[in-house]
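Work through the exercises below with the coordinates open. Try each task before reading its solution.

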Amino acid sequence: MKFIVRILINAVALGLTFWIVDLCWNGEVLPLLIIALIFGLVNALVRPLLTILTCPLVILTLGLFLVIINALMLWLTIRLSMAFGVGFTCVPEFFWNLIIGGVVLSLISGLATALVKDDRE
């Protein structure tokens, strides 16, 4: 049940981010759930490794490099979704769209996660 709630939170956060930042999403809801699953897998498998490898940069920039990591995770999610033929019509042209998208996604998912209580808290 918690897994489904997390996927739905990711789907809502991603949908709002794609709508706010205009990241070439086709606007369909069912592919958004698949994109949220891909995003969850990318964040679970790739992000920790990338964060560990770039730890000196994160420390040097006082955590601001995490915004770049968020943008890269968003870009990887979009590329994988396009490879599977799900939900996107193009890759965003500007890296700044991904940076803004990463910040917006972090804010929305952080807010949504704070509103949904976890058993461990």
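Ala, Val, Leu, Ile, Met, Phe, Trp, Tyr, Cys and Pro count as nonpolar, Asp, Glu, Lys and Arg as charged, and the others, Gly among them, as polar. The model is predicted, so local features need pLDDT of at least 70, side-chain atom pairs count only at pLDDT 80 or more, and totals for chains, interfaces and linings use all residues. Residues are numbered from 1 along each chain as its sequence is written, and side-chain values use heavy atoms, with hydrogens and water left out.

**Exercise 1. Describe the largest pocket: its space, its lining and the helices that supply the lining.**

Step 1. On a 1 Å grid over the protein atoms alone, a pocket is an open set of points where a 1.4 Å probe fits, with protein on both sides within 12 Å along at least five of seven lines; lining residues have an atom within 4 Å of a point.

Step 2. Take the volume, which is the space filled by probe spheres set on the points, joined across faces, edges and corners. The largest pocket holds about 190 Å³.

Step 3. List the lining. It consists of Phe 3, Arg 6, Ile 7, Ile 9, Asn 10, Leu 37, Gly 40, Leu 41, Ala 44, Ser 109 and Thr 113.

Step 4. Sort by class. Six lining residues are nonpolar, four are polar and one is charged.

Step 5. Assign helices (DSSP runs of H or I, at least four residues, numbered from the N terminus). H1, H2 and helix H6 (95-115) each supply at least two lining residues. H1 gives the most, with five.

**Exercise 2. Which residues form the nonpolar surface patch, and which helix gives the most to it?**

Step 1. Patch residues have over 30% relative accessible area and no salt bridge; nonpolar side chains (Val, Leu, Ile, Met, Phe, Trp, Tyr) are joined within 5 Å. A salt bridge is a side-chain nitrogen of Lys or Arg within 4 Å of a carboxyl oxygen of Asp or Glu. Areas come from the Shrake-Rupley method with a 1.4 Å probe, and for residues only the protein chains shown count as cover.

Step 2. Collect the members. Phe 3, Ile 4, Leu 8, Leu 30, Leu 33, Leu 37, Leu 41, Leu 45 and Val 46 form the patch, with about 850 Å² of accessible area together.

Step 3. Helix H1 (2-21) and helix H2 (30-45) each supply at least two. H2 gives the most, with five.

**Exercise 3. Are Phe 3, Leu 33 and Pro 31 buried, partly exposed or exposed?**

Step 1. Apply the cut-offs: buried is under 20% relative accessible area, exposed over 50%, partly exposed in between.

Step 2. Phe 3, in helix H1, is exposed because its value is 55%.

Step 3. Leu 33, in helix H2, has 32% and therefore counts as partly exposed.

Step 4. Pro 31, also placed in helix H2, is buried because its value is 13%.

Note on methods. Patches are made of residues with over 30% relative accessible area and no salt bridge: like charges are joined within 9 Å, nonpolar side chains (Val, Leu, Ile, Met, Phe, Trp, Tyr) within 5 Å. Buried means under 20% relative accessible area, exposed over 50%, partly exposed in between (1.4 Å probe, protein chains only).
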